[in-house]
Amino acid sequence: MTPTPTSLAEVVRRAAWDASIGWTDDDLSRMQASATTMAKHLADGADVYGVTRGFGPLVAFPASESAGEQGDGLIAHLGSAQGEPLSPEVSRLVVALRLTSMRRGYSAVSVDFWQELVGLWNRGFTPVIPREGTVSASGDLQPLASAALAYAGQGEAWVREDSGAWSRRPAAEALGRLGASPVRWNAREALSFVNGSGVSLAVTVDNHRQVEDVVRASALMTARMVDLLGANPQAYAAGIAEARGQNGQAAAAAWIRSGIPAGAERDEARPLQEPYSLRCAPQILGAVLDQLAAAERILLREAVGTTDNPVSSAGEVLHGGNFHAMPVGLCSDQLGLALQQVAYMADRQLSLLCGSDTNGGLPPMLTPRPGAGSGLAGVQVSATSFVSRIRQLVTPATLTALPCNNGNQDHVPMALNGANSLAQALDLAWLVVGSLGVGLAQLAALTGRTGETGLWGRVAELSPPLDRDRPLAAEVRAVRDVLAREARARSGEWEHRDA
């Protein structure tokens, strides 16, 4: 049996461009047994959803006598996805999740057909998958149908050029480059492929990684702020987290401590206790880490499970609803609420830097020329706008469900809608990170911290001291990118797992 991933990071690594999907004899044996169960069920004259009967509310009507026509019709009528495409990396993860789900031996798909799909994926075939247009209730039907259509030579596919850059090409052309013919979908294989939570799951897994990176970046900036202001480092002591017993808080406090110089002490001009956005950073970031740990367990189970319908188990064909993406939808909603807390904290820390009563008596807005200059005033207003927009985007998508499909899908999770909104919110959260990073660069300049090396030296180069006002949008983006890379680089060094 193929080893089961033990973390979301491993799930993502197994879907990387240079990875390949393999199988063992046990895998093939389970898949064949499942397909045999399905064949026996059909031979006995029993009905099977999507094979002998229609789809959705049309299950009351007989399916086409041609399995090929039934499969073609399924992916054709679901070809209604719209919007910007997922990235090539996330698209590869989407397909990998579906293929590894089928490999478990519950989906009753043809082994030869499965190996044909795997062979194309291993050779780099990557569908272009639009991100909008599914309620995630009978799986992420429309986006997955777009992927299935690409395998059939319709729609588009991503092609990786020799330079490493991705470009969009007609799917038939991409298949031709591989010397491959378009896939022909039969009813059972088509339904198994589209009837799962693979798209909302893949986007949520990618979002999960980025939310944790935003937390790491926030820990780095909190430590830098403590150092530059001379704030009381006791708030980050291991004993405080030990007294409470929350794993996430202990990890966040350790991350912050690692960025505070050894032997740092409170500047006597600073208050004994800082405002909450600085003093309570371990508690805020730690709570987010604990939510990430809880979500990872759920998402990992989803990633290694089987989420289509019907399933073949212990010699039976069972009709049910494993395609319902509510586990993913609720995780995505919770991650959005957690992300908002981190962005809000960063915005409030930026506010502390901009006020003379909280920045150590430095000029307001960290401008060296108050009145003649406005310093970070524009950056702070934009950061506040970003946080407001994040709050709008992370309103729980599971609360916005509408019944559809002639009442068949009367309870839907809207998981991909939530994941897409969270992805947009992450872009804005990173801009809040970049805004605070620019503020820290100006604070360092005004406090005489020049000539530094490492991360903060790079930040200082990207956002040099303000001698007069200048547009700072590009600097916010540049600092954001540096902090994002640093956070990602520390993902192995700074690990957090809930016991």
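Which residue in S5 is the bridge partner of Arg160? The partner is Trp166. Before we go further, note that this is a predicted model, in which local features need pLDDT of at least 70, side-chain atom pairs count only at pLDDT 80 or more, and totals for chains, interfaces and linings use all residues. Residues are numbered from 1 along each chain as its sequence is written, and side-chain values use heavy atoms, leaving out hydrogens and water.

Let's stay with the strands. S4 covers residues 156-160 and S5 residues 166-170, and five bridges join them in the antiparallel sense. (Strands pair if DSSP finds at least two bridges between them; strands (E, at least two residues) and helices (H or I, at least four) are DSSP runs numbered from the N terminus.) Together S4 and S5 make a hairpin with five residues between them, and Gly164 in the turn has a positive phi of about 95°.

Now to the helices. H17 (residues 454-462) packs on H18 (residues 473-489) at an angle of about 165°, with the axes 9 Å apart. Axes are lines fitted to C-alpha atoms over the stretch in contact, and angles run from 0 to 180 degrees between N-to-C directions. H17 and H18 are therefore roughly antiparallel, the word for angles over 145 degrees. Where they meet (heavy atoms within 4.5 Å), H17 contributes residues including Trp456 and Arg458, and H18 residues including Val482 and Glu486.

Compare H14 (residues 326-354) and H16 (residues 415-446): their angle is about 20° and their axes lie 9 Å apart. These two are therefore roughly parallel, which applies to angles under 35 degrees.

Technical notes. Parallel < 35°, antiparallel > 145°, perpendicular 65-115°, else oblique.
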